[in-house]
Amino acid sequence: MKYRILFLTILPLLIMSCSRENNRGSSSLSSTSNPSSENIDVSFVALNDLHGVVDPRNNKEVGITKVATYLKDKKAQGSLLLNSGDMYQGTFIAGYDYGETISKVMKDIDFDSYTIGNHEFDWGIDLIKQNEVTLGKKFLGANIYTYPEKKKATDLGESYIIKTINEGTPNEVKVGIIGAIGEDQITSITSTYVTNYTFVDPAPIIKDISKDLKDNQGCNIVVADIHASIEQINANEISKYVDAVFLAHTHRETYDEINNVPFIQGGRYSEAVAELTLTYNKTNKSVKNKSHNIQKLAKLNLKEDESAKQIIDAQRVITDPIGNRKLGTSSNYLSTGDMSCFYSKIAYEKAVDLGYNVDFVLFNPARYSLEPGEIKYSSLFETNPFDNDLYILSTNGYTIYREAITFGRQMGYNPKGIDLNSISQQKSTWYEVLVYDYNGFHIGLDESGNKYYDYFAASFTGVEKHSPIHLEGVEVLNLTVSRLEKNPTIISSDFSGNNFINQGLY
């Protein structure tokens, strides 16, 4: 990832793009075998936050090839398949070709819609569009707007898709699927990749689109698929205009009802899917929530889908020789906080070698933990799959204390043993801090939707001495591989103790 400076203003202009697709030849979803039924059931199955899990890492995960088996069976039974975002980033085999292999499997499964998640942005806009070509469908993102024009982006994020069930029969039902992303997730994306975009509150946009779908497009059922949790959206307002809401992003299995409208999220990492059946009454044109289920896939005796397996196996020929390379061993289990401290010391040593003065290293938690024993390149990659550049920022003691202690969201290295409590109120005393670009240029949103640097705001004062220093070509994962080539054993005592910040916190 390449994070850079970014200031954008969000204005909720309700200008919508659209996508329409008829599901010709789909199997009937009627609740009865009669030619015409008063009540017609429409079933949905949603997969969220797969994060590239091809091979299960524990007894809760089943992996993508078994997910494919289950979803294809549901598709054959007539269910609509929704992908709620964050399908790629997280594993070596998925990240090696920037999501192409995962996209091929998703297309083979034949999802009806894809809602964009924040991690779809991890490799930039061009890769999003490239993956759309492989998928054969555009991502949904009704609330992705341009900057500075502040209009609905026409090149990124379609607003909706229409699926027609039982087309041409007395039981025909049109289903509108609106896709959106949580507005605050603009803060979780590489800044340079969204310089020309911003996300706005999805609620008023969903309201307008739903009205159009029902009044003008002939939709009988409208659902929203939002890459956000129920806490991150105006759920009460959205529930007034749609018949169901599928959620994502927080990796939690969630079910709730607001104004009798179901809100559901199916977990993460190939562990579960969210299932929902709605009943449409043709006479009174009402929609009711018939049933819901969060299906834990490990409880089923699933076999690998053969065509999905062939796609994955073709990629394994390329990635296995790299991913299976043994780099060393770990003396014990290392949490995400442990790994962050480990990486911070390695990064510090490199910065010193390059002649830089560094007072602190502050990193966010690693993405995944590291099990004891043999360390393969693929398992190391999972702890830090992002392309984070390194920067040295000048910032004040107050900011360091706030990040490390008040919020506890940064782990790291304190090589000079500076007492953090003693600097907690220092707003004019400056220190050199080594950070990931994601942290250094992390953006927040104010009440008006304007963007600002919120983690290290003091570093951007306009004073020349505070200009960020970019350690070009220095990547922590590569540094770690080089370190393991020289010393193949990771010993936790090497990066724990008083000089490490929040070690073991995560």
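**Group meeting: a walk through the model**

Let's start with Lys-350, which counts as partly exposed because its relative accessibility is 29%. Keep in mind throughout that this is a predicted model. Lys-350 sits in helix α8, residues 336–353. What does Lys-350 touch, once we leave aside its neighbours within four places in sequence? The answer is Val-474 and Leu-479. There's also Val-476 to look at: it is 126 residues away from Lys-350 in sequence, yet the two C-alpha atoms are 9.4 Å apart in space.

Okay, on to the strands. Find β11, residues 261–266. Six of its six residues are buried, so the rest of the structure largely encloses this strand. If you look at which way the residues point, Val-261, Phe-263 and Gln-265 go one way, while Pro-262, Ile-264 and Gly-266 go the other, and all of them are buried.

So who pairs with β11? There's β10, residues 253–258, which runs antiparallel to β11 and is joined to it by six bridges. If you want a pair to click on, Thr-254 has Gln-265 as its bridge partner in β11. Together β10 and β11 make a hairpin, with two residues between the strands. In that turn you'll find Asn-259, with a positive phi of about 55 degrees.

Then there's β9, residues 244–246, which runs parallel to β11, with two bridges joining them. Here the pair to look for is Phe-246, whose bridge partner in β11 is Ile-264. Remember that Ile-264 is one of those buried residues, pointing the same way as Pro-262 and Gly-266.

While we're on phi, a bit of background: most residues other than glycine have a negative value. We have two more to flag. Asp-110 isn't a glycine, and its phi is positive, near 75 degrees. You'll find Asp-110 in the loop between α3 (100–109) and β3 (113–114). Asp-110 is partly exposed, at 36% relative accessible area. The other one is Lys-285, again not a glycine, with a positive phi of about 55 degrees. Lys-285 belongs to the loop between β12 (272–281) and β13 (287–296). Is Lys-285 buried or exposed? Exposed, with a relative accessible area of 59%.

Three strands form an open sheet with mixed pairing, and the order is β16-β14-β23. The edges are β16 (373–376) and β23 (489–490), and each of these has a single partner strand, so one side of each has no neighbour in the sheet. Zoom in on β14, residues 326–330, and β23: they run parallel and are joined by two bridges.

Last stop, a helix pair. The axes of α1 (residues 64–76) and α7 (residues 306–323) come within 8 Å, and they cross at roughly 155 degrees. That angle is why we call α1 roughly antiparallel to α7. The crossing itself is right-handed. Which residues of α1 and α7 meet? On the α1 side we have Ile-64, Thr-65, Ala-68 and Lys-72, and on the α7 side Ser-307, Ala-308, Lys-309 and Ile-312. Sort this contact by class and you get four nonpolar, two polar and two charged residues.

That's the tour. Happy to go back to any of these spots on the screen.

Note on methods. Residues numbered from 1 in each chain as written. Predicted model: local features only at pLDDT ≥ 70, side-chain atom pairs only at ≥ 80, totals over all residues. Heavy atoms only, no water. Buried < 20%, exposed > 50% of the residue type's maximum accessible area, 1.4 Å probe, protein only. Helix = DSSP H or I, 4+ residues; strand = E, 2+ residues; numbered from the N terminus. Pairing = 2+ DSSP bridges. Contact = heavy atoms within 4.5 Å. Axes fitted to C-alpha atoms, helices over the stretch in contact; angles between N-to-C directions. Parallel < 35°, antiparallel > 145°, perpendicular 65-115°, else oblique. Left-handed = near helix turned anticlockwise from the far one by under 90°. Nonpolar A, V, L, I, M, F, W, Y, C, P; charged D, E, K, R; others polar.
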